[in-house]
Amino acid sequence: MSRTVSSWILSSARSSIILQGKGRWYSIRIPNRNKNKWKLVFSKTCPHPAGSCSLGRTFSFPKAFRHTSTEEEHFSFQLSPAQINDILRAGELSHRTLDLHGKNTSSVLRFESNQLASNSPMEDRRSAATCLQTAGMMFGVFDGHAGAACAQAVSERLLHYIAVSLLPRQSLEEIELAVEAMKPVRPILQRHRHPNDVEYQEISSRYFENLRVYWQHLLDLDAEPGFSLEEAMICAFKRLDSDISLEVQAPQENELMRNIALQVAFSGATACVAHVDGVHLHVANTGDCRAILGVCEEDGTWSTLPLTRDHNAYDEFEIRRLKREHPRSEEKTLFVNDRLLGILMPSRAFGDVQLKWSKELQHSILENTCDVEALNIYQYVPPNYHTPPYLTAEPEVTYHKLRSKDKFLVIASDGLWEMLSNEKVVKLVAGHLAELNMQKSPLTFKKPINLGYMHNLLLQRKSKGLASLDQNIGTHLIRHAIGSNEYGEVDPEKLAAMLTLPEDLARMYRDDITVTVVYFNSQTIEDYYRSH
């Protein structure tokens with residue numbers, strides 16, 4: 001990014017971004033076939049304010065180099081390479097799958113993940129876990145809106161709901177007996193967390209109680225639950241969304257717990273969760289997060305296999321679904337300005353009860369709340385709100401049987417996909433793999449060996465940039481997403497400018513980005529097909 005462009009960003013921000021009174025500017029990204037566009041919406045009573053759960057404990061990244069306002073006197077886009085790396089690598093998370101003997105017999109070789117905030121606080125969340133009482137691993141990415149509360153709750157709870165849905169009756173009975181006897185419960189998940197990941201400790205007991213009610217419901221079924229994996233994921237998504245809605249309606253004497261329940265229900269989150277068990281891959285998606293496979297063909301070329309559809313106004317299936325669910329008289333008002341009821345980009349999401357409840361129920365819940373504005377909840381009913389619910393959390397589930405040529409899975413929030421195409425992401429991950437393999441390959445020497453020859457070999461490696469290669473693929477993708485120029489190369493000045501954008505401007509140029517890449521064990525997959 002040239003100095004001229006950097007100066008233009010700052011001057012345009014200072015001349016056009018004005019925050020005053022209770023009105024707020026909201027930056028909403030509108031994807032386009034050719035390029036991304038931003039739309040600024042000014043609203044006195046916007047249903048989706050820029051605030052978030054105000055509990056003081058949210059996922060954060062170092063902000064030492066980030067400006068808080070475009071009005072600062074000494075405004076600079078300058079960052080050193082080391083400072084850039086510190087910011088980009090703050091959210092790195094990686095895990096290699098090994099058994100008790102230190103071997104990898106799983107179809108998942110490892111996963112790597114990273115996050116970069118645009119909103120303050122960040123509204124994205126992620127989860128990863130190994131199933132302990134059933135087979136497989138799960139990976140989730142959650143993109144919050146109107147605050148982080150709903151994404152936070154869903155990231156903590158959804159994988160447990162899926163795991164419980166997959167348990168056989170005997171295991172559910174054992175868990176219930178242990179809880180009744182107040183004995184320790186054998187864990188069903190091993191979570192893989194970043195040190196900065198947070199939990200709602202204040203409300204975890206309530207979350208456990210409602211999870212228990214769910215497994216008691218499964219036990220009350222006349223026969224063995226016997227869900228297929230697809231059914232289990234759909235049931236878990238819908239049940240958790242129902243619990244989010246019911247928790248805020250239930251009487252609650254504890255003010256903190258009631259406030260959390262309110263923020264969770266009146267904010268929202270999209271979700272994409274993958275379950276990998278051997279060669280069986282299931283992906284459940286609600287909203288506009290996305291999952292793709294990177295496939296290495298026999299001739300060495302790479303191809304992309306999408307596993308999800310973006311649920312929004314650009315998807316014909318979603319438009320037809322909503323038209324079927326509502327009267328013909330509402331056909332022209334379901335989507336306004338490419339948003340559901342003119343408000344929300346995704347057409348499926350957790351929470352967002354203001355698009356699911358009746359007007360009367362919304363009013364009865366909020367009239368007893370002492371200070372809804374302090375919780376960033378606005379009493380707003382959109383025009384043409386006649387036949388709720390307009391929004392669902394029911395996911396679409398895709399099944400794919402893994403092949404040895406399926407090398408990796410990428411799950412990310414829309415902040416990544418707005419910057420990079422599916423094909424570009426696969427190309428970057430494949431290139432990163434090749435560079436890592438080159439970095440790990442031993443130096444080959446020609447005899448006789450002397451210091452000059454060794455020095456030349458090391459210089460050759462350094463010239464290829466291997467010494468500074470991002471070890472985490474999530475970091476590599478984020479670096480390219482926000483720092484690439486028109487030639488697809490990372491421009492250090494543009495990267496620095498995008499990382500130092502002040503909080504009142506950053507959301508105009510980039511969204512929160514969360515990405516998880518799961519690498520598959522080709523040898524294990526090949527062994528499966530040989531044995532079968």
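The legends below accompany close-up views of a predicted model.

In this predicted model, local features are given where pLDDT is at least 70 and side-chain atom pairs where pLDDT is 80 or more, whereas totals for chains, interfaces and linings use all residues. Residues are numbered from 1 along each chain as its sequence is written, and side-chain values use heavy atoms, with hydrogens and water left out.

**Figure 1. Overview of the protein chain, with 16 helices and 17 strands.** Helices (H or I, at least four residues) and strands (E, at least two) are DSSP runs, numbered from the N terminus. Of the 532 residues in the protein chain, 53% are buried, where buried means under 20% relative accessible area, exposed means over 50%, and partly exposed lies in between (1.4 Å probe, protein chains only). Among contacts (heavy atoms within 4.5 Å) between residues at least 6 apart in sequence, 75% join residues at least 24 apart.

**Figure 2. Packing of helix α2 against helix α13.** Helix α2 (residues 81-88) and helix α13 (residues 473-483) pack at an angle of about 115°, and their axes are 10 Å apart; the axes are lines fitted to C-alpha atoms over the stretch in contact, and the angle, on a scale from 0 to 180 degrees, is taken between N-to-C directions. Helix α2 contributes Ile-84, Asn-85 and Leu-88 to the contact, while helix α13 contributes Thr-475, Ile-478, Arg-479 and Ile-482. These residues divide into four nonpolar, two polar and one charged, on a scheme in which Ala, Val, Leu, Ile, Met, Phe, Trp, Tyr, Cys and Pro count as nonpolar, Asp, Glu, Lys and Arg as charged, and the others, Gly among them, as polar.

**Figure 3. Aromatic ring pairs.** Rings of Phe, Tyr and Trp (for Trp, the six-membered ring) pair if their centres lie within 6.5 Å, with planes under 30 degrees apart counted as stacked, over 60 as edge-to-face and the rest as tilted; by this rule there are nine aromatic pairs. The rings of Phe-266 and Trp-357 form an edge-to-face pair, because their planes are at 90°, with the centres 5.7 Å apart. This pair links distant parts of the chain, since Phe-266 belongs to helix α7 (residues 255-266) and Trp-357 to the loop between β14 (350-351) and α9 (359-366), 91 residues apart; both residues are buried. Tyr-385 and Tyr-390 have ring centres 5.3 Å apart and planes at 45°, so their pair is tilted, and each of these two tyrosines is buried. Ring pairs also link Trp-302, Phe-408 and Tyr-519 into a cluster.

**Figure 4. Asn-210 and Leu-218 in helix α5.** Helix α5 spans residues 204-220. Asn-210 counts as buried, because its relative accessibility is 17%; leaving aside neighbours within four places in sequence, Asn-210 is in contact with Arg-157, Tyr-161, Asp-243 and Glu-247. Leu-218 is also in helix α5 and counts as buried at 1% relative accessibility. Between Leu-218 and Leu-172, which are 46 residues apart in sequence, the C-alpha to C-alpha distance is 8.4 Å.

**Figure 5. Thr-97 and Asp-371, each in a loop.** Thr-97 is found between β3 (93-96) and β4 (108-116) and is buried, with a relative accessible area of 13%. A polar atom of the Thr-97 side chain lies 3.2 Å from the backbone oxygen of Val-108. Asp-371, in the loop between α9 and β15 (396-401), counts as partly exposed at 38% relative accessibility. Asp-371 and Asn-259 are 112 residues apart in sequence, yet 9.7 Å apart in space, C-alpha to C-alpha.

**Figure 6. Cis peptide bonds and positive phi angles.** Most residues other than glycine have a negative phi, and most peptide bonds are trans. The peptide bond from Ser-120 to Pro-121 is cis, with omega near 0°, and Pro-121 is found in the loop between β4 and β5 (124-131). Pro-388 and Pro-389 are likewise joined by a cis peptide bond, with omega about 5°; Pro-389 is in the loop between α9 and β15. Ala-146, which is not a glycine, has a positive phi of about 60° and lies in the loop between β6 (137-145) and α3 (149-166), where Ala-146 is buried with a relative accessible area of 13%. Met-182, also not a glycine, has a positive phi of about 55°; Met-182 is found in the loop between α4 (169-180) and β7 (189-191) and counts as exposed at 76% relative accessibility.

Key
A polar contact is a pair of N or O atoms within 3.5 Å; within protein, one must be able to donate a hydrogen and the other to accept it, and residues adjacent in sequence count only if both atoms are side-chain atoms.
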